[in-house]
Amino acid sequence: MADTRRRVKLYALNEDRQWDDRGTGHVSSSYVERLKGMSLLVRAESDGSLLLESKIQPDTAYQKQQETLIVWSEADNVDLALSFQEKAGCDEIWEKICQVQGKDPSCDITQDIVEESEEEKFEDMPDAAPPIELPPCELSKLDEISEVFNSVLPSPIRREKLANAIEYEGYIKKIVELFHMCEDLENYEGLHQLYEIYKSIFLLNKNALFEVMFSDEFIFDTVGILEYDPSKPEKASHRDYLRNSASFKEVIPISNEELRQKIHQTYRVQYIQDVVLPTPSVFEENMLSTLSSFIFFNKIEIVSMIQDDEKFLTELFAQLTDEATDDNRRRELVNFLKEFCTFSQTLQPQAKESFFKTLSNLGILPALEVILSMDDPEVRQACTDIIMYIVEYSPSMVREFIMQEANQQDDDILLVNLIIEQMICDPDPELGNALQLSGVLRILIDPENMMATANKTEKTEFLSFFYKNCMHVLTAPLLANTTEDKPSKDDYVTAQLLSLILELLAFCVEHHTYHIRNYIFNKDLLRRILVLMKSSHGHLALSALRFVRKIISLKEEFYNRYIIKGNLLKPIVDAFLTNGQRYNLLNSATLELFEFIRVEDIKSLVAYVVETFYEQLKDVDYVNTFKGLKLRYEQHMDRQNVKSSLDSVPSILRNHRYRRDARSLDEEEEIWFEQDEEEMEDGEAVVPVTDMLKNKMDEELDHISKIIDGKRARESENKPPSPLKNPTRSPSPPPPSRKFNSSPPAASTSPPASPEVKTNNGGITGLVDYPDEDSDEDEDDDRSSSIPAKRPRLAT
């Protein structure tokens with residue numbers, strides 16, 4: 001048979017159920033004399049060394065997945081996988097495997113073909129499958145028993161038949177008796193065979209068998225059989241641990257014997273699953289689903305039985321809140337309550353809601369206030385876990401409790417303030433507990449999970465309460481550490497804590513627009529935060545910078561004016577310049593901040609940055625950010641100049657006889673500005689567009705000047721003498737009047753008639769208007785701004 005080399009990656013499953021990459025190479029199938037059969041060989045791509053030499057066993061289950069993956073289990077519980085670069089290579093090796101095992105290459109699992117056809121055959125009449133006869137449970141028959149058990153595992157129907165036979169014949173009891181005999185005789189070969197047999201019983205995945213194996217009568221025998229793993233050099237001591245080391249404490253006496261037995265059973269079965277049983281292979285993992293379900297439903301039963309025992313829970317909370325309870329006792333009570341809440345996570349939503357309502361009615365939140373103030377770190381950690389469970393399920397329940405106690409207690413002993421204080425005072429240098437408590441706070445102040453009802457709005461009420469009664473507690477470490485121009489304390493733990501506080505404040509900026517904005521303005525909080533830019537801890541300086549970035553990303557002019565007025569980007573620029581040419585996170589984050597201002601074209605901040613800092617930043621030429629900001633600024637200034645010029649034009653161009661349509665002018669200007677913005681986005685110079693605007697304005701202004709000069713010349717030629725200086729001279733003919741409904745007055749050579757005077761009993765009541773022939777209304781109203789009008793005269 002010719003070798004076929006294909007490029008593959010070899011993987012092996014580790015104890016953590018993760019695939020480890022064992023190398024890349026080329027796979028072939030060939031006869032290996034040493035192994036006496038066709039084998040899969042993988043040689044390393046780099047040096048040709050042998051990565052894999054695996055004989056294709058006739059009874060090994062090979063599985064083809066996703067067209068380029070072949071998975072199988074070797075001896076000693078080793079799972080391997082070949083990941084092919086090409087589908088053709090996978091298909092060819094798969095054909096070789098199927099050829100050796102005599103299977104059809106169209107299948108995906110080599111050992112399921114016969115069983116699938118068998119299953120289809122008996123699908124409509126499962127009772128027609130032949131029953132399985134179990135060999136006598138004797139030492140001499142252990143090999144035969146093991147072979148029968150292993151042979152039925154690939155077939156679901158035969159597994160079911162074997163499970164029924166074991167249950168019907170009471171075979172587990174017989175195996176246990178045989179185990180005692182082998183252990184007394186120190187027959188290790190027989191004990192190893194019993195281990196394999198018992199492991200096969202687990203893989204039958206039958207709940208009825210688990211009930212027998214995990215009963216009080218056989219649970220320790222089950223653990224004992226699993227101690228003799230043939231792959232381990234020595235026998236384990238699991239029974240000794242469960243009997244002598246693992247102690248069960250009844251913090252509150254349990255009167256229900258069934259509950260006590262269920263707790264014992266669940267702990268031991270969990271131990272078997274997590275510690276005693278070996279890591280299941282790819283094919284065995286799904287076969288142990290019933291074992292997980294067994295533990296799952298046991299936990300549900302335990303929670304339900306405790307929840308129904310009102311006397312038990314009442315006594316529990318009474319001792320928790322009793323000042324006479326000693327610390328050791330309280331620690332045990334809290335740990336039990338934590339375990340109780342952990343079990344509740346397996347409940348269905350309706351049962352979980354009933355569970356937390358029961359705890360709330362019994363006073364769990366007041367009890368947690370008492371526990372949270374204790375000095376014991378273990379108790380505080382358990383209390384934090386319980387609070388997290390409650391807040392994750394029903395933050396509204398916790399908020400309602402906090403609002404109710406606010407009317408009865410001082411701010412210092414409010415639950416939310418206790419949470420903040422515990423976060424601030426966490427003794428762990430890595431602030432593990434503080435990080436968890438900050439998650440609790442984030443959930444409590446998140447508006448997304450706040451409800452609005454017809455009578456009240458939870459968001460408005462709780463946030464107003466929080467900013468009035470709690471925010472000062474949260475920001476106290478920050479404000480205390482930034483009273484000067486640099487942090488007063490700059491140790492690692494303080495830096496970690498302030499970073500955590502800044503993360504919460506950034507969350508507030510994003511979600512509490514109104515409340516946090518007022519708080520920042522009133523406390524001048526941003527200036528204090530920027531003091532942290534001088535911290536020796538880079539992560540703290542980055543947290544302060546990230547907070548500023550969050551504010552600027554909102555693009556609110558309130559914040560922009562606040563930043564400009566206080567010159568609040570100066571600490572960032574100073575830190576950037578101090579950092580120099582070092583390519584690090586501070587450098588990148590600062591450049592990204594200014595790039596955001598440029599790209600989003602935040603005009604007020606663009607002008608502020610260029611006018612204030614450009615001289616310091618102009619030499620930063622390894623990015624185009626600051627040159628781009630300068631270009632933006634110049635474009636804004638050009639626009640303002642053009643706009644000012646355009647604003648002065650309407651006062652001159654108000655006569656429709658001399659000016660173009662305003663709408664046409666506006667449309668052209670809009671097109672020019674759009675072109676200007678497009679080129680500006682591309683980072684190109686806009687000098688040609690600016691020149692076009694200037695040339696156009698020059699032409700318009702020249703044209704207007706000529707019109708005005710011509711008009712003034714004509715007026716000076718035809719200007720009539722003033723009636724006050726030469727009253728006897730006849731006036732010039734009146735100019736053509738505008739077409740009103742009345743006919744125009746006839747020309748006259750006589751002096752103008754005296755104006756009509758409106759009086760009241762001979763007294764002067766106001767100004768008078770000239771007749772039409774002397775009126776300025778013969779021109780458009782727009783002329784009034786450029787040609788002086790005649791002053792009205794008082795009546796005499």
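Is Asp-601 buried or exposed? Select Asp-601: at 15% relative accessibility it counts as buried, because buried means under 20% relative accessible area, exposed over 50% and partly exposed in between (1.4 Å probe, protein chains only). Before you go on, note that this is a predicted model, in which local features need pLDDT of at least 70, side-chain atom pairs count only at pLDDT 80 or more, and totals for chains, interfaces and linings use all residues. Residues are numbered from 1 along each chain as its sequence is written, and side-chain values use heavy atoms, with hydrogens and water left out.

**Stop 1: the whole chain**

Zoom out. The chain has 32 helices and 9 strands. Those labels are DSSP runs (H or I, at least four residues, for helices; E, at least two, for strands), numbered from the N terminus. Of its 796 residues, 43% count as buried. Take the contacts in the chain with a separation of 6 or more: 64% of them come from residues 24 or more positions apart. Contact here means heavy atoms within 4.5 Å.

**Stop 2**

Go back to Asp-601, in the loop between helix H28 (585–600) and H29. Asp-601 has a positive phi of about 55 degrees, although it is not a glycine. Most residues other than glycine have a negative phi.

Now select Asp-524, in the loop between helix H23 (513–523) and helix H24 (525–530). Asp-524 is not a glycine either, yet its phi is positive, about 50 degrees. With a relative accessible area of 25%, Asp-524 is partly exposed.

**Stop 3: the cores**

Which residues touch the most other members of the largest nonpolar core? Pick Ile-520, Leu-526, Ile-552 and Leu-569, out of the 129 residues in that core. Helix H22 (residues 492–511) gives the most to this core, with 12 residues. A nonpolar core is a set of buried Ala, Val, Leu, Ile, Met, Phe, Trp, Tyr and Cys residues joined through side-chain atoms within 4.5 Å.

Show the surroundings of Leu-526. Not counting residues up to four places away in sequence, Leu-526 touches Ile-520, Phe-547, Val-548, Ile-551, Tyr-562, Ile-563 and Leu-568. There is also a second, separate core of 49 residues, which includes Ala-165, Leu-209, Ile-225 and Leu-242.

**Stop 4**

Colour helix H26 (residues 557–565) and helix H29 (residues 603–617). They pack at an angle of about 15 degrees, with their axes 9 Å apart. Axes are lines fitted to C-alpha atoms, for helices over the stretch in contact, and angles run from 0 to 180 degrees between N-to-C directions. H26 and H29 are therefore roughly parallel to each other: angles under 35 degrees count as roughly parallel, over 145 as roughly antiparallel, 65 to 115 as roughly perpendicular and the rest as oblique. Show the side chains of Glu-557, Asn-560, Ile-563 and Ile-564 of H26, and of Ser-604, Leu-605 and Tyr-608 of H29, which make the contact. These residues split into 4 nonpolar, 2 polar and 1 charged. In that sorting, Ala, Val, Leu, Ile, Met, Phe, Trp, Tyr, Cys and Pro count as nonpolar, Asp, Glu, Lys and Arg as charged, and the others, Gly among them, as polar.

Next, select helix H15 (residues 364–372) and helix H18 (residues 415–424), packed at about 30 degrees with axes 10 Å apart. That makes H15 roughly parallel to H18. On the H15 side you'll find Leu-365, Glu-369 and Leu-372, which meet Leu-415, Leu-418, Ile-419 and Gln-422 in H18. This contact has 5 nonpolar residues, 1 polar and 1 charged.

How do H14 and H16 lie relative to each other, and at what angle do they pack? Helix H14 (residues 349–361) and helix H16 (residues 377–393) pack at about 125 degrees, with their axes 11 Å apart, and are therefore oblique to each other. Pro-349, Lys-352, Glu-353 and Phe-356 of H14 make the contact with Tyr-389, Ile-390 and Tyr-393 of H16. Here the count is 5 nonpolar, no polar and 2 charged.

**Stop 5**

Select Asn-14, in the loop between strand E1 (6–13) and strand E2 (19–32). Asn-14 is partly exposed, with a relative accessible area of 22%.

Finish at Met-181 in helix H5 (residues 171–185). Met-181 counts as partly exposed, at 41% relative accessibility. Its C-alpha atom is 9.0 Å from that of Leu-139, 42 residues away along the chain.
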